[in-house]
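Here is a quick tour for anyone meeting this protein for the first time. Have a look at the picture, then follow along.

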Amino acid sequence: MPSASETPRLAGIGDEAAPGLPGQIAAVRALGWNLLELRTLDGVPVAETDDAAFARAAERIRAAGVEVVAVAAKIGDWSRPATGDFAVDLAELDVLARRCAVLGTRTVRIMSFPSGGLAEPGWGRVVRARMRVLADRAEDAGLVLAHENCAGWAGEDAARVLDLLAHVDSPALRVLFDTGNGVAHGYDAAAMLRPLVEYVAHVHVKDAVDAPGGDTAYVLPGRGRAGVDECLRILAGHGYRGALSIEPHLHLRPHLRGTGGDPGRGDAAGFVEYGRALEETVRRVWRTEAVR
C-alpha cells in the first residue's frame, strides 16, 4: 500500500493561471511547486509558437528552475475530426518531438478524433490506423502519447480505450485521465477509470457540477459531482506515481475559445486556491490509503 510520503507530484496547466509564461511560472511557484504543464503561450499552442518565441520560453522555464511535466497537443482533439487531414497531426507531432526534447519532457496529451460524420465501424478503423502511425513516430522520438478521456472515438468509453491500446500495442500510447470530464460528457469518471488505471501515465484534476441550461460549472476539487476523491483513491490504491495536474477551468475553457463563451484570461488567484485545495485532498486520500 502507498505511504503518505509517496504522494504524486503536483503540477498545473499554466494557461489556466495566465496567458503569458511569466504569470504561469509565478502561479506554480506561488504554490511552492516546480511542475508546469504547457498548453499555450500567450494564447498560441506550443506547436504553433514561432521558433524565436519558443526558444525564449524554454530558456525562461530553465532559468526559473521549473520542469515541464507534459505538453498539450491539438492532435485528435475537438478541432481535428477523423475526416480531417491527418498530415496536420503528423506535422504537429514532428514539431513537438523537437520541442519536447528541448523542454525535457516526454508526455504529449492527445485525443482520438471526433467522427466528422463518420459512422461505425469506419470511424473506429480510421482512429486505430492513425493512432498506430502516431505511436510508432512517438516511440521513435522517445515520447509517450497520453490519450485523454475527452473528445474522440475513445473519449467516453473505457472499452474503446482498451481496444485502442491493444490494437496499437505500444508503450508510446498510454492514458491521460481527467477526473472532471465525466460531468460534461455524461459518464461516471470513477467507473471509467477502474479498468484503465494500470495504463494511466498522467492525470488532470478538475471537478464540476451541472448548471442551468445543460451547461457545466467548474468548482474546487471535491466540491462537485465528478467523484474526484474516489478517482484519487483508485489511483492511490494502484500506486500511481505520476503527476496530478490541475485544470481548474475557472476562466479558461479551451474548447469554447473563439465562440464568445470564454475570455481566456486565466485566473492566478483561483489557480492557487485550486492548488491548495488539491494538496489537502491528496494528503487526505493518500493518508487513508496508507493505513488500509
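Which residue in β12 does Gly-12 stand opposite? Gly-12 faces Ile-246 there. Keep in mind that what you are looking at is a predicted model.

Zoom out, and 8 strands close into a barrel, in the order β1-β2-β5-β6-β7-β8-β9-β12, with parallel pairing. On average, neighbouring strands of this sheet are turned by 30° against each other, ignoring direction.

| Strands | Bridges | Sense |
|---|---|---|
| β2 and β5 | 4 bridges | parallel |
| β5 and β6 | 2 bridges | parallel |

Strand β5 (residues 67–72) has 5 of its 6 residues buried, so the rest of the structure largely encloses it. Toward β2 (residues 35–38), Leu-36 has Val-68 of β5 as its bridge partner. Toward β6, Val-71 is bridged to Val-108.

**A closer look at Thr-107**

Strand β6 covers residues 107–112, and Thr-107 is part of it. Is Thr-107 buried or exposed? Thr-107 counts as buried because its relative accessibility is 15%, and the cut-off for buried is under 20%. Setting aside neighbours within four places in sequence, Thr-107 is in contact with Val-69, Ala-70, Val-71, Val-144, Ala-146 and His-202.

**The nonpolar cores**

The largest nonpolar core holds 82 residues, and Leu-38, Met-131, Leu-134, Leu-173, Leu-232 and Leu-244 have the most contacts inside it. Helix α3 (residues 86–103) supplies the largest share of this core, with 7 residues. Take Leu-134: leaving out residues up to four places away in sequence, Leu-134 touches Ile-75, Phe-86, Asp-89, Leu-90, Leu-93, Phe-113 and Leu-145. There's also a second, separate core of 5 residues, including Ala-11, Leu-35, Ala-70 and Ala-243.

**One more strand**

Beyond residues up to four places away in sequence, Ala-211 touches Thr-216 and Ala-217. How many residues apart in sequence are Ala-211 and Arg-225? They are 14 residues apart along the chain, and their C-alpha atoms are 12 Å apart in space.

Notes
Residues are numbered from 1 along each chain as its sequence is written. This is a predicted model: local features need pLDDT of at least 70, side-chain atom pairs count only at pLDDT 80 or more; totals for chains, interfaces and linings use all residues. Side-chain values use heavy atoms; hydrogens and water are left out. Buried means under 20% relative accessible area, exposed over 50%, partly exposed in between (1.4 Å probe, protein chains only). Contact means heavy atoms within 4.5 Å. Two strands pair if DSSP finds at least two bridges between them. A nonpolar core is a set of buried Ala, Val, Leu, Ile, Met, Phe, Trp, Tyr and Cys residues joined through side-chain atoms within 4.5 Å. Axes are lines fitted to C-alpha atoms, for helices over the stretch in contact, and angles run from 0 to 180 degrees between N-to-C directions.
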